[in-house]
Amino acid sequence: MEIIAQRPKSLTDIQFTYCPGCTHGISHRLIAEAIDELEMRNQMMGVAPVGCSVFAYKFFNFDMAEAAHGRAPAVATGMKRARPDMHVFTYQGDGDLAAIGTAEIIHAANRGENITVFFVNNAIYGMTGGQMAPTTLPGMKTSTSPYGRDEKDIGYPIQACELINSLRAPYFIERVSLLSPQDILKAKKVVKKALQFNKEERGFTFVEFVSTCPTNWGIEPVKALDWAKENMLPFFPLGNFRDRSLEGGE
Amino acid sequence: MAEKVLMKGNEAVAEAAIRAGCRLYFAYPITPQSELIEYMSRMMPKVDGNFVQAESEIAAINMVYGASGCGRRTMTSSSSPGISLKMEGISYLAGANLPAVIVNVQRGGPGLGDIQPAQGDYFQATKGGGHGDYRLIVLAPSTVQEFADMADLAFDLGDKYRNPVMILSDGLLGQMMEPVEFKPYKTEEELKQLDEQHFDWCMHPNEDEPNHHHHEINSLEIDPLILEQHVIKLGKKYDKITKNEIRYEKYNISDDNEVVVVAFGTAARIAKSAIDELQEAGTSIGMIRPITVWPYPYDAIKNVLHDKVKKVVVCELNLGQMVEDVKLAVNGKIPVEFLGKVGGILFTPDEIKAKILDKQGE
């Protein structure tokens, strides 16, 4: 019998703990597929964050470390330095990466650590129950911005790709979305490219997924996709910010 | 016999760590431990090791977490305010059963305090500091030689029990120079053995099924019944450490002792001078110097309190922290008196003598 679809070897058979309509499952699968296709699994290590994807260490089928909130890039630095013969990625949400872990991500990127950072941006804290994130949009209501995010009081959403793009060392920076089948196919290519560069030890690679959180947004899954397209993409424009492989004389 | 070299404590402990097989060191500069990070930055490239000056003490301890998760000997160091920042990571290391060595070159506190020697971090080191039910093995050196020797011991104990180990020194031991004799460097074969000793649980290169492994470096157990078992298991480990690893020095302990002093680290150095001078004058004073301040030598103290001993004097460079443990050991049998100095100031042997002889203010 011919196998036409199966679970990637890089995912365990443990059931995801995500809400219906959540895009974490999609990004997990894209990463796992890319690792399988690039035959990186036996040299792969990952770092799970604190947030909804805290159990990512159970889902990826290779050695994983669970980091303290925001510290994944520092943990990954220690792992990569300890095992330069292996490949390391972190998987982080917006509170993790762009609030409590701002120092760790900026400095890991600035050192040009040979790691890949997957950044899931859904503009809200999911696991703790829908509080305001550093990427929450102006006017957006959350459980800790009940009157809407007031940018005069608390500032504008942090744009992670743009921030990291101000540093010289990173090798590859791209923002993709998981908001339509076409976007997901495109995201897969970008994930694979980042991991390919990781495998080739080219330096720091960063992929941001514009994602949804139907549960905490209080919007049905399909409508959440449209809401994100309409409201998030103007703040978080998709596209490649840097690809050193395209530059001459690298 | 190996050659003796004159070295600062900060440099001696760094050299000894490298000789013990540490090839991964992560830290952030802070006085009075900066010679340690500077020494590592010079030496690590020469031994094919890895040195990262981290963006913060928090990042440094998390780099240690990652490197230790890969089964490698790894270390960080700091001084009091920086150690406070590391407490988050230390709790995670303990929760995930990870070995690591943390050097604290204590300075005066609280807050920013000053940069002089102090022992105000005793509570933090021995009673927690980070959150949750955990224990650090805490070694307290009293000479530069002992400081260096403890690097080796700390790595061995860390690996044996899969537990973080702190070396609790202070600005005096970090900054002073004394002759030190080092153990030889680990051979390539020994280093390889060290790296592979943790392959049953650590992150390391994988294979396809059926030999594929999925190791998790983790302190999260969301199910209370599983977390309960996890913490009970930690407790059993701490019991084992307490049973096996208590270390202390008996100084001038005899049947003639009229007073027993308890002091650790730099305070014990000064107390020894006072005890020697009193002995010459015909008064016999003994001392118990805890070398492990966790696990604590309660029984060692209890066992030297024969009928002639009138009181116990505890000398610390703080407002009175270890004295609580001494009181537990003495259990009300005889008076326990305390002599403390704070602000990064040391007491003199004369001050200790006066306390022992009840002659303060004379």
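Biologist: What separates the centres of domain 1 of chain B and domain 2 of chain B?

Modeller: The separation is 27 Å, taken over C-alpha atoms. The two domains are 4-196 and 249-356, with bounds that come from an automatic or database domain assignment. This is a predicted model, where local features need pLDDT of at least 70, side-chain atom pairs count only at pLDDT 80 or more, and totals for chains, interfaces and linings use all residues. Residues are numbered from 1 along each chain as its sequence is written, while chains are lettered from A and ligands numbered from 1 in the order in which they are written.

Biologist: What makes two residues count as in contact?

Modeller: Their C-beta atoms, placed from the backbone, must lie within 7 Å. By that rule, 25 residues of domain 1 of chain B are in contact with 21 residues of domain 2 of chain B. Between the chains, the contact takes 35 residues from chain B and 30 residues from chain A.

Biologist: How do you know that β2 of chain A pairs with β9(B)?

Modeller: Strands are DSSP runs of E, at least two residues, and helices are runs of H or I, at least four, numbered from the N terminus. Two strands pair if DSSP finds at least two bridges between them. Here 2 bridges join β2 (residues 63-66) of chain A to β9(B), so they pair, and they run parallel. A:Met64 has B:Glu216 as its bridge partner.

Biologist: Why is helix α3 of chain A called largely enclosed?

Modeller: A residue is buried if 20 or more other C-beta atoms lie within 10 Å of its own, exposed if 12 or fewer, and partly exposed in between. In α3 (residues 72-82) of chain A, 11 of the 11 residues are buried, so the rest of the structure largely encloses this helix. Among them are A:Lys80 and A:Arg81.
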